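The sequence and structure come first.

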Amino acid sequence: MNFLAHIYLSGDNDLIKIGNFMADGIRGKQFENFPKEIQKGIILHRAIDTFTDAHPVFRESTKRLHERYHHYAGVIVDIFYDHFLAKNWTKYSNDNLEEYINLFYQSLHTNIDFLTERTKGMMPYMINQNWLLSYRTIDGISQILTQMDHRTKNQSNMRFASEELQTFYTEFEEEFSLFFEDLRLHAQEKLNTL
């Protein structure tokens, strides 16, 4: 899953959200250097990623992209699934999406001393371009995929993946809905054990 889903699956605790959000840049046992609540977020992030990669519905979505995008297929599906979460937000949350995202951005500023350098470096771009809200539209997803493709020196071809999103939109959305119900349960169970 991508940023929005990781934040959403963290519950209401800001530090767990932050840990979950920045976990990709934290290797091995480095997470032990953070406050306990951030550690929980990092552990939760890892559990979400492991569950996601092994889930048969997620794998079905990636199969559709594998021939063209190879090992980037999973990254692309993560982004597609964040699109469907943003698009269908009211199904999963009573909070207004824009307010929810703005509160998260504020919590990053409030807790800036806990953030990794990588996260601090990314924050201005993410907030100014409002990445999390941009997931709501296909144009926004296309821009995110293009930015990610640039980071791979255009070798991933991710800039073209919105074509598949539009062609197989119904299939991806149905797969997301099935998968996300399982993931929500899994994430809640994991949170309860932390």
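Predicted model: local features only at pLDDT ≥ 70, side-chain atom pairs only at ≥ 80, totals over all residues.

Residues are numbered from 1 along each chain as its sequence is written, and side-chain values use heavy atoms, with hydrogens and water left out. Helices are DSSP runs (H or I, at least four residues) numbered from the N terminus.

**Packing of helix 5**

- Two packed helices are described by the angle between their axes and the distance between the axes. Axes are lines fitted to C-alpha atoms, for helices over the stretch in contact, and angles run from 0 to 180 degrees between N-to-C directions.
- Helix 5 (residues 73-87) packs on helix 10 (residues 138-151) at about 155°, and the axes are 10 Å apart. That angle makes helix 5 roughly antiparallel to helix 10 (angles under 35 degrees count as roughly parallel, over 145 as roughly antiparallel, 65 to 115 as roughly perpendicular and the rest as oblique).
- In the contact (heavy atoms within 4.5 Å), Val75, Ile76, Ile79, Phe80 and His83 of helix 5 meet Ile138, Ile141, Ile144, Leu145 and Met148 of helix 10. By class, this contact of helix 5 with helix 10 has nine nonpolar, one polar and no charged residues (Ala, Val, Leu, Ile, Met, Phe, Trp, Tyr, Cys and Pro count as nonpolar, Asp, Glu, Lys and Arg as charged, and the others, Gly among them, as polar).
- Helix 4 (residues 56-69) and helix 5 have axes 8 Å apart and an angle of about 125°; helix 4 and helix 5 are therefore oblique to each other.
- The contact of helix 4 with helix 5 divides into nine nonpolar, four polar and one charged residues.
- Between helix 5 and helix 12 the angle is about 80°, with the axes 10 Å apart, which makes helix 5 roughly perpendicular to helix 12.

- Helix 12 (residues 169-193) has 25 residues and reaches 36 Å from its first C-alpha to its last, close to the 36 Å expected (1.5 Å times one less than its number of residues).
- Buried residues of helix 12 include Tyr169, Phe179, Leu183 and Leu191 (buried means under 20% relative accessible area, exposed over 50%, partly exposed in between, with a 1.4 Å probe and protein chains only).
- Helix 3 (residues 36-54) has 19 residues and reaches 27 Å, close to the 27 Å expected.
- Among the buried residues of helix 3 are Ile38, Leu44, His45 and Thr52; what covers the buried residues of helix 3 includes helix 4, helix 5 and helix 12.

**Single residues**

- Phenylalanine 51 lies in helix 3 and is partly exposed, at a relative accessible area of 21%. Leaving aside neighbours within four places in sequence, phenylalanine 51 is in contact with Phe179, Asp182, Leu183 and His186.
- Asparagine 130, in the loop between helix 8 (117-128) and helix 9 (131-134), has a positive phi near 45°.
- Asparagine 157, in the loop between helix 10 and helix 11 (162-167), has a positive phi near 65°.

How values were computed:
Helix = DSSP H or I, 4+ residues; strand = E, 2+ residues; numbered from the N terminus.
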